[in-house]
Amino acid sequence: MKTKNKKFIFLLVINISTICLLTLINSRLSTWGIILFLPGLFFFSSCILLDTPRGMGICVITGLFLDVIYNTYFGFLGLAFPFLHILGKQWLKGTINNKPWRPVFFQLGTNIILSIAWFIILLFENQLNMKWEMNRFLYESLIASIIFIPICFWNFEFTMQIIKMTCNDNLKTINEYERN
Amino acid sequence: MFCWWCLPTSVKIFTQSTFREFQAPIWNLTSRVDDLSNYWGHLSDSKKTLIAKGRELSRLNSDLRLQQYREVELLEEIKRIQVLEKKLSNLNSSINLNSSQNFNSVIARISIRKMSSWWQQTTIRKGLNDGFKIGNGVLFDRGIFGRLINVDSKSSEIEILTNPNFRIVAHFAKDSRPVTFQGNGIDLGGEPHGLVMDVPYDMNPSPEVPLELVTSSLGGNFPKGIPIGLVYQLEGGKEGLFKTGKVFIDPKITKVLEVSILTAN
């Protein structure tokens, strides 16, 4: 129980720190009209490391935290993350091939789905003639996707290293997490 | 999901505000660290940089000396303006028009920029403790910057001029008829712009002679005549009565480090 709570706290701290770093980068990039919309980075670690109640808790907090930063409707990512957490758990149960790029592409897929969902919501809302055209959305999604892949590998490795160091956890790969 | 929808709005607003308050010290700290690293960076400036800065300073000093020669002329101009202001206030009081919009200006430093395609905001390092209120106007050195939309104890959020929800009454320089200005986002590459609507049909700007859009005192949050942007072209509206056009805003708006918040006097 103690280890699980420790993991919960460390994972939350890692998530919030990564979000803060990403926000600082976005703050600089915004001068060129670019924003990296990367919410797909922050739900998968909890699928691997935590049980469902704690994982859901972390997903709700991280999602709401991101909602405030990305100015999406409060609750949009806060609700989507627990759902993605369940989806991630199911995917981990069902997956047989455990090559390291597979979870990265799973996360990339969810990131693209979240971007499309947000785009569609704003499109249907038609916020005061807001100008977020399809080609702009495609450019941004492409840039975000290219950057997402290396960041995702780094984030996953970084999280595992920290958890291993702090919780004396012997888990090394996704494969081993699944067997546990 | 159902539970979230059933939650009262007040609870959601409270939670959102809590998250914002929680994040504020993080952005405050990172902004201060950024300032400090800037300061240390300048401490280790090379001789060449120092010589260049010294040259720049001497140019500024010579400009200042030139201004001092014009002191008598400027003092006379101040007196003339004071007399005109007095006449204007007499006229206003004679027709019971309260046009005296006095503002106090408070300088605040920007801690974080959140400029996505759908929404453009920045956070500053001052808030309720400095007497800010929601709706206060914000200026930067090239004109109007935005207005406050959220005020927390030690931080505030500014809705930038380019934000699609930013709408104010404006008018063109040398023309008193009101028009509507609305933000229209930042293009890829960092070019900010807005839209001007309800423009009378006799206004005809051109790329050589653009029209300058300025603030109007009708909104109450900004003084009259603060620059918003330039309009190079206007197109006829659907109903044929008014024109609409693109407003080009100074690109420096995306790089601003300090802003001035206008509080009511």
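**Figure 1. B:Asp250 is a buried residue of chain B.** In this predicted model, 20 other C-beta atoms lie within 10 Å of B:Asp250. The cut-off for burial is 20 or more, so B:Asp250 counts as buried with 20. The residue sits in a loop of chain B, between β11 (242-248) and β12 (258-264).

**Figure 2. Partners of B:Asp250 in chain B.** Leaving aside residues up to four places away in sequence, B:Asp250 touches B:Arg142 and B:Gly143. B:Lys47 lies elsewhere: its C-alpha atom and that of B:Asp250 are separated by 33 Å. Along the chain, B:Asp250 and B:Lys47 are 203 residues apart.

**Figure 3. Chain A is built from helices, with 0 strands.** The chain has 7 helices. From the N terminus on, its elements run α-α-α-α-α-α-α. Chain A holds 180 residues, and 38% of them count as buried. Among contacts in chain A with a separation of 6 or more, 72% join residues 24 or more positions apart.

**Figure 4. Chain A meets chain B.** The contact involves 28 residues of chain A and 31 residues of chain B. On the chain A side, the elements that give two or more residues are α1 (2-29), α3 (52-70) and α6 (134-167). The largest share comes from α3(A), with 5 residues. By class, this side of chain A has 16 nonpolar, 9 polar and 3 charged residues.

Terms used
Residues are numbered from 1 along each chain as its sequence is written. Chains are lettered from A and ligands numbered from 1 in the order in which they are written. This is a predicted model: local features need pLDDT of at least 70, side-chain atom pairs count only at pLDDT 80 or more; totals for chains, interfaces and linings use all residues. Two residues are in contact if their C-beta atoms, placed from the backbone, lie within 7 Å. Helices (H or I, at least four residues) and strands (E, at least two) are DSSP runs, numbered from the N terminus. Ala, Val, Leu, Ile, Met, Phe, Trp, Tyr, Cys and Pro count as nonpolar, Asp, Glu, Lys and Arg as charged, and the others, Gly among them, as polar. A residue is buried if 20 or more other C-beta atoms lie within 10 Å of its own, exposed if 12 or fewer, and partly exposed in between; C-beta atoms are placed from the backbone.
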